[in-house]
Amino acid sequence: MKARIITLIFLNILYLHVDGQNLNYPEGWTLENCISYAKNNNISISSLRLSKSSANQDLLQAKAAKYPNLNGNVSQGLFAVDGTNGLHIQGLNTQSIGASSSMTLYHDNYIKNNAISKEVSVQLADLSVQESENNITLSVTQAFLNILMAQENIIALENLLTTTQIQLKQGSQLYNAGSISKLNFLQLQSQHAQDEYNLIAAQNNLRTDLVNLKQLLQLPTSYNFQISAPQEIIVSNDVKPLEVVQSIAQNQRPEVKYGELNIENSELLLKMAKSSIKPTLSISGNISTGYSQGNGSYFSQLGNQFYLPVGLSLGIPIYNNRIYKTAVEKSKIATQQAHLDLENTKTVLNQQIEQAYISLQNSLSQYESAKKQMEINEQTYAIVNAQMKLGAIDYVQLQQQKLIYIQALQNYLQAKYTAVLNRQIYEFYTGQQINL
């Protein structure tokens, strides 16, 4: 019994470990790991891939439509009810065997156009997958950068708290020696408490950002998710010309290709609709034979009753309550709509790229300003801190300068990661893979 209990406990521990820490997960998630995992495992993208597989099955069926079909049949008689001289059941042994086949010879290229349309539908489904992959890539990148910013903010606040702890220790010694007033000592304690609060708030924000990315990746709740930060985040001032990026995007982006293929597909559907009002020529045939008890041997009857009719049929639409004509007119409207959709897609794409370009330019200028402001206030805070130790200034001035420095630091981090994100978004329009 004891051994059984130990075994069950071990299995439970092993199950929890495997459930929460999948062996296929990396120990530290880089941005590349996150993007790759999201593309391969996101439920919405996986659903779109299934739609593509379904479209591919439609394509295979459409290609097979040009070949003849073939159906076989076998029937066996069991008994018959005879009511001639009173109702009674008599034995009956009859059998018929046959096969039938038919094929469309002419339908104004309907079968060919349908196969091409289904092939275009497969390509459209693939482009939908690519577009969703692009969207999840940007979402993961933004969430990942939020974590990096939160981590860098925590490091800065930890350094500030360390400095405040030193100041508080020195202030306690001076207060006990009677060198500073109780008010100044309380101000030091207040600043220390504020710095602790800021650090705890930053740590809470980091936990929230980690959960956001973890949920975006759709990882298990019990999984201990940790990212692997790059060694350095560089903000580059190099910006590709707007016209170049727009031109590349118009030729490469899946949403534009989707619009172009949608026009092609709508034109194919229009041809198919027009084919519905054209004659249809088909060939059909069947082969059959049978056996009836009492009319000779089984195999001789099968050979003698062999029957093989083959015929042509021509279907000519004459009047169908305007069903076909309506289908043609609606297909024409759909084609016009597809052209408008493509024009709108290109216009919106150019506007999005222009907005990304302006956002990048603005964030780069804000970054330079915030960096300069942070460096100046960092130096100022260091000087004020040194002067406070010498007794040249009071604690109120030190606290004021520290608050100014903290605000400058927050502005710098926000500007830095905003510039990095905006660059990734802007260059992503050219098809360039995101890489920090």
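Start by selecting Asp108 and Lys278, whose side chains meet in a salt bridge with N and O 3.4 Å apart (a salt bridge is a side-chain nitrogen of Lys or Arg within 4 Å of a carboxyl oxygen of Asp or Glu). The element labels follow DSSP runs numbered from the N terminus, with helices (H or I) of at least four residues and strands (E) of at least two. Asp108 is partly exposed, with a relative accessible area of 22%, and Lys278 counts as partly exposed at 33%. On this scale, buried means under 20% relative accessible area, exposed means over 50%, and partly exposed lies in between (1.4 Å probe, protein chains only).

Before going further, a word on the model: it is predicted, local features need pLDDT of at least 70, side-chain atom pairs count only at pLDDT 80 or more, and totals for chains, interfaces and linings use all residues. Residues are numbered from 1 along each chain as its sequence is written, and side-chain values use heavy atoms, with hydrogens and water left out.

Most residues other than glycine have a negative phi. Asn109 counts as partly exposed, at 49% relative accessibility.

For another positive phi, jump to Gln218, where the angle is about 60 degrees although the residue is not a glycine. You will find Gln218 in the loop between helix H5 (182-216) and helix H6 (242-252). Gln218 is partly exposed, with 34% relative accessibility.

**Along H4: its helix partners**

Select helix H4 (residues 110-176) together with helix H7 (residues 254-275); their axes come within 9 Å and cross at roughly 160 degrees. H4 is therefore roughly antiparallel to H7. Axes here are lines fitted to C-alpha atoms, for helices over the stretch in contact, and angles run from 0 to 180 degrees between N-to-C directions. Angles under 35 degrees count as roughly parallel, over 145 as roughly antiparallel, 65 to 115 as roughly perpendicular and the rest as oblique. By class, 11 nonpolar, 11 polar and 5 charged residues make up the contact of H4 with H7. In this grouping, Ala, Val, Leu, Ile, Met, Phe, Trp, Tyr, Cys and Pro are nonpolar, Asp, Glu, Lys and Arg are charged, and the others, Gly among them, are polar.

H3 and H4 pack at an angle of about 170 degrees, their axes 8 Å apart, so H3 is roughly antiparallel to H4. Here the contact has 11 nonpolar, 5 polar and 8 charged residues.

Which residue forms a salt bridge with Asp126? Select Lys52: the closest N and O atoms of the pair are 3.0 Å apart. This pair links distant parts of the chain, with Asp126 in helix H4 and Lys52 in helix H3 (residues 43-64), 74 residues apart. Asp126 is partly exposed at 26% relative accessibility, and Lys52 is partly exposed at 29%.

**Off the end of H3: Lys66**

Move to Lys66, in the loop between H3 and strand S1 (71-76). Lys66 is partly exposed, with a relative accessible area of 49%. Leaving aside residues up to four places away in sequence, Lys66 touches Met103 and Ile111 (contact means heavy atoms within 4.5 Å). Lys66 and Ile111 are 45 residues apart along the chain, yet their C-alpha atoms are separated by 6.5 Å.

**Over to H9: Asn385**

Is Asn385 buried or exposed? Select this residue in helix H9 (residues 323-390): at 11% relative accessibility, Asn385 counts as buried. Not counting residues up to four places away in sequence, Asn385 touches Thr163, Gln167 and Leu398.

How many salt bridges does a search of the whole structure find? The search gives 9. Finish with Lys325, Glu329 and Lys332, which are linked in a network of salt bridges.
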